Every structure is written in structure tokens, then in C-alpha cells.
Amino acid sequence: MSLPAPLVALWSVRDGLLTESGVAVYSAAHIGERNATYEVAQYAPGFLLVGDDSGGRGFLLRADDPDSAVFSSGLGDLRPAHFDVVSADFTSWIESLGP
């Protein structure tokens, strides 16, 4: 699976992110393990779990779309039909998380 360019661009500046509110964007070293643990390929093929809110909700991107919206879903229900859009794109979402 290819990695979305905006995520790779973030990693070139910092390897992961954890905000004061508990939102985490996974580091390059942890993203594979997180996707395997939550069986994203099985339940949401074509998506990549890129982070979580430290409270049971995950954040996902379409892996093959560099302009993908950011989606949110309960980590126990990774069916794309149940995803909510939280941002039109990854860069805007990162900026909305604050410093």
C-alpha cells in the first residue's frame, strides 16, 4: 500500500504528533503496527489508519488519494459506511489541531 503524500510530508518535518487534546498522528515506525492491530486492510480496504483521539476513535485516509478527506470512526467499527468526514484534507486537519 502506498502512503499518502501529505502524511509523508508531515513525517519529513516531525515523526508523529501528539496534541494536548490527545489526538495522535502515528509515527512512521508505528503506523504499520497500528494498521495491523486494527485489521484495517480487512475491514476498510484502501484506507490507512493514521492516528487516533486517545479515546477509541481513529482517523483514516484513503491510501491511494493524495487529496483524501480525513475520516473518523470508532476503532471497533472500521466499516467505511460508518465513517464520518472530519476534514476535507489532511493538511487542513493537521493545521486545525493547533501548535
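Author: Contact here means heavy atoms within 4.5 Å. This is a predicted model, in which local features need pLDDT of at least 70 and side-chain atom pairs count only at pLDDT 80 or more, while totals for chains, interfaces and linings use all residues. Residues are numbered from 1 along each chain as its sequence is written, and side-chain values use heavy atoms, with hydrogens and water left out.

Reader: Which residues does S87 touch?

Author: S87 touches A69, V70, S92 and W93, with residues up to four places away in sequence left out of the count. S87 itself belongs to strand β6, residues 84-87; a strand is a DSSP run of E with at least two residues, and a helix is a run of H or I with at least four, each numbered from the N terminus.

Reader: Why is S87 called buried?

Author: Buried means under 20% relative accessible area, exposed means over 50%, and partly exposed is in between (1.4 Å probe, protein chains only). The relative accessible area of S87 is 12%, so S87 is buried.

Reader: What makes the approach of the S87 side chain to D89 a polar contact?

Author: A polar contact is a pair of N or O atoms within 3.5 Å; within protein one must be able to donate a hydrogen and the other to accept it, and residues adjacent in sequence count only if both atoms are side-chain atoms. A polar atom of the S87 side chain lies 3.0 Å from the backbone oxygen of D89. The S87 side chain also has a polar atom 3.3 Å from the backbone nitrogen of W93.

Reader: Where is N35, and why does it count as buried?

Author: N35 sits in helix α2. Its relative accessibility is 12%, and therefore N35 counts as buried. The N35 side chain reaches the backbone oxygen of I31 at 2.9 Å. Beyond four places in sequence, N35 touches V40, F47, L48 and L49.

Reader: Why is S12 called exposed?

Author: S12 has a relative accessible area of 62%, so it is exposed. S12 is part of helix α1, residues 5-13, and its side chain reaches the backbone oxygen of A9 at 2.6 Å. From S12 to P80 the separation is 68 residues in sequence and 29 Å in space, C-alpha to C-alpha.

Reader: What makes E20 exposed?

Author: The relative accessibility of E20 is 88%, and so E20 counts as exposed. E20 lies in the loop between β1 (17-18) and β2 (24-25). E20 and L97 are 77 residues apart in sequence, and their C-alpha atoms are 9.2 Å apart.

Reader: How many bridges join β4 to β5?

Author: Four bridges join β4 to strand β5 (residues 70-74), and these strands run antiparallel. One of the bridge pairs is R57 with G74 in β5.

Reader: What is the order of strands in the sheet, and which are the edge strands?

Author: The open sheet has six strands in the order β1-β2-β3-β4-β5-β6, with antiparallel pairing. The edge strands are β1 and β6, each of which pairs on one side only.

Reader: What makes a space in this model a cavity, and how many of 30 Å³ or more are there?

Author: On a 1 Å grid over the protein atoms alone, a cavity is a set of points where a 1.4 Å probe fits but cannot get out, and lining residues have an atom within 4 Å of a point. Grid points are joined across faces, edges and corners, and the volume is the space filled by probe spheres set on the points. The search of the whole structure finds one cavity of 30 Å³ or more. The largest cavity holds about 30 Å³. Its lining is P4, P6, L61, D65, P66, D67, S68, D89 and F90.

Definitions and conventions. 1 Å grid on protein atoms, 1.4 Å probe; cavity = no way out; pocket = protein on both sides within 12 Å on 5 of 7 lines; lining within 4 Å. Pairing = 2+ DSSP bridges.
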